[in-house]
Amino acid sequence: MATGPATWDYRDAHHGRFGRTYFRRYGDGLVSSLGLGTYLGAPTDAVDERYLEAITTALESGCNVLDTAINYRCQRSERVVGQALRESDVERDAVFVSTKGGFVPFDGDRPSNPGRYVAREYVDSGIVDREDLVAGSHSLAPDFLADQLERSLENLGTTPDLYYVHNPETQLREHSREEVYDALEAAFVLLEERAAAGDIGHYGVATWEAFRVPPEHPSYLSLPAVVERARSASREAGTAGTHFRAIQVPFNVVMADAFTVDAHETPDGPTCALWFAANAGLNVFTSASIAQGELTEDGAIPGPVAARLEGETPTQRAITFARSAPGVTASLVGMANAEHVTANLEACTHDPLGAQAFDAVFE
Ligand SMILES: NC(=O)c1ccc[n+]([C@@H]2O[C@H](COP(=O)([O-])OP(=O)(O)OC[C@H]3O[C@@H](n4cnc5c(N)ncnc54)[C@H](OP(=O)(O)O)[C@@H]3O)[C@@H](O)[C@H]2O)c1
């Protein structure tokens, strides 16, 4: 796992070439505010090779945040992250690694009949009850997540610093909100225990819609309610304080709801996901920080917004925007191309916007 001293040494070796606040606090350590994501790409050897080169370049060049999930590219992304960590000259304890569980993963490639694969490998084998599967592919059942964590540990070959429950709002397709909070609490008890045992550093919740949509939306989950469930789970598991540490939300120039939608209750009235997380002491990792490639195109960022952002290219300006939002620890950008790593790290030689300048973008 990442340690304070090793990540501070990593920062000392790299921070000179970057702009203000490039390295940010995570626990007693420091992480780069650009992280490498591994979601996109075909499940092939050729894409594995490209990721290996991209991750190696990232680690050597000042990016020490790697994000993956067991289901990404049929477990190949976790495996290539593990390979890169083993082969890199950068020490493991200088790197922050996150992964996720919740979606039933395939193994190496996409089976010709996914439904039959899930039934044979997961339901018939007793790993997951059919009634615990939503949309035939997603579960928060503790026994299932325990199985998934074992596989992730094997794939990565190392302990993840952060283990996310992956897109729990998927459960809202077939369950009430209260039932989903109950399922999350049961999952959190497992993750509290596994964190206390040293099998993960901390845990979090990665979402696509849940925390950025308004409360009346069918995919909404309340961050205060989730934090409360984590506290209950900690009491149930007997851990000294919760290991719930972070959230992941999509955030970019054209999908800024995590900042603009006041969906989470506080004693002072509702606030947005980013401010709620910041005030609750949670780290925030943004996903889809360049809108899955959309913001790389000329003209994709509205002119008046682009004019306020530092960076030579639309991609660089989009990265500056995501890294400038309040409470953001790191913006994840999917990079299976070493040239993209180099170009995107160049964006971070620019300073992020200050708080007032960021707010002004929305005026
Ligand atoms: N919890 C969730 O539901 C969720 C959802 C989405 C994403 N995530 C996480 O967040 C990470 C980031 O999101 P994302 O990958 O979906 O989207 P993204 O980071 O917004 O975009 C990634 C895409 O942009 C391309 N790209 C990167 N840098 C570029 C550059 N300089 N010029 C041109 N193209 C460039 C990448 O190509 P190459 O790959 O060829 O470099 C890739 O196709 C994911 O990888 C994943 O780890 C989580």
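## Strand pairing and helix packing in a predicted model

Strands S1 (residues 23–26) and S2 run antiparallel and are joined by four bridges. The structure described here is a predicted model. Within this pair, Arg25 has Leu30 of S2 as its bridge partner. Two residues lie between the strands of the S1 and S2 hairpin, where Gly27 takes a positive phi near 60°.

Strand S2 covers residues 29–32, with Gly29 and Val31 pointing one way and Leu30 and Ser32 the other way, and all of these are buried.

What does Ser32 touch, when residues up to four places away in sequence are not counted? The residues touched by Ser32 are Tyr22, Phe23, Gly62, Cys63, Asn64, Val65 and Ala330. Ser32, which lies in strand S2, has 29 C-beta neighbours inside 10 Å and therefore counts as buried, given that 20 or more are needed for that label. Ala84 is 52 residues from Ser32 along the chain, and the C-alpha atoms of the two are separated by 18 Å.

### The barrel

Eight strands close into a barrel, in the order S3-S4-S5-S6-S7-S8-S9-S10, and their pairing is parallel. On average, and with direction ignored, neighbouring strands of this sheet are turned by 25° against each other.

Strand S7 (residues 202–206) pairs with strand S8 (residues 244–250) in the parallel sense over four bridges, and Val205 has Ile247 of S8 as its bridge partner. Helix H11 packs on the sheet, where it touches strand S3 (34–37), strand S9 (283–287) and strand S10 (328–334), and the direction of H11 makes about 150° with that of S10. S3 and S10 also pair in the parallel sense over four bridges, with Ser331 of S10 as the bridge partner of Leu34. S9 and S10, in turn, run parallel and are joined by three bridges, and Val284 stands opposite Val328 of S10.

Why is S10 described as largely enclosed by the rest of the structure? Seven of the seven residues of S10 are buried, so the strand is largely enclosed in that sense.

### Helix packing

| Helix pair | Angle | Axes |
|---|---|---|
| H2 (residues 45–61) and H3 (residues 76–87) | about 45° | 9 Å apart |
| H6 (residues 177–196) and H7 (residues 223–237) | about 50° | 8 Å apart |
| H11 (residues 314–324) and H12 (residues 338–347) | roughly 55° | within 8 Å |

H2 and H3, at about 45°, are therefore oblique to each other, and H2 passes H3 in a right-handed crossing. On the H2 side the contact is made by Asp48, Tyr51, Leu52, Ile55 and Thr56, and on the H3 side by Arg76, Ser77, Val80, Val81, Gln83 and Ala84. The residues of this contact of H2 with H3 divide into six nonpolar, three polar and two charged.

H6 and H7, at about 50°, are therefore likewise oblique to each other, and H6 passes H7 in a right-handed crossing. From H6, the residues Tyr181, Leu184, Glu185, Phe188, Val189, Glu192, Glu193 and Ala196 meet Ala225, Val226, Arg229, Ala230, Ser232, Ala233, Ser234, Glu236 and Ala237 of H7. The contact of H6 with H7 comprises ten nonpolar, two polar and five charged residues.

H11 and H12, which cross at roughly 55°, are therefore oblique to each other, and H11 passes H12 in a right-handed crossing. Thr315, Gln316, Ile319 and Thr320 of H11 make this contact with Ala343, Asn344, Glu346 and Ala347 of H12. How do the residues of the contact of H11 with H12 divide into nonpolar, polar and charged, and how many fall in each group? Three are nonpolar, four are polar and one is charged.

Methods:
Residues numbered from 1 in each chain as written. Predicted model: local features only at pLDDT ≥ 70, side-chain atom pairs only at ≥ 80, totals over all residues. Buried ≥ 20, exposed ≤ 12 C-beta atoms within 10 Å, placed from the backbone. Pairing = 2+ DSSP bridges. Axes fitted to C-alpha atoms, helices over the stretch in contact; angles between N-to-C directions. Parallel < 35°, antiparallel > 145°, perpendicular 65-115°, else oblique. Left-handed = near helix turned anticlockwise from the far one by under 90°. Contact = placed C-beta atoms within 7 Å. Nonpolar A, V, L, I, M, F, W, Y, C, P; charged D, E, K, R; others polar.
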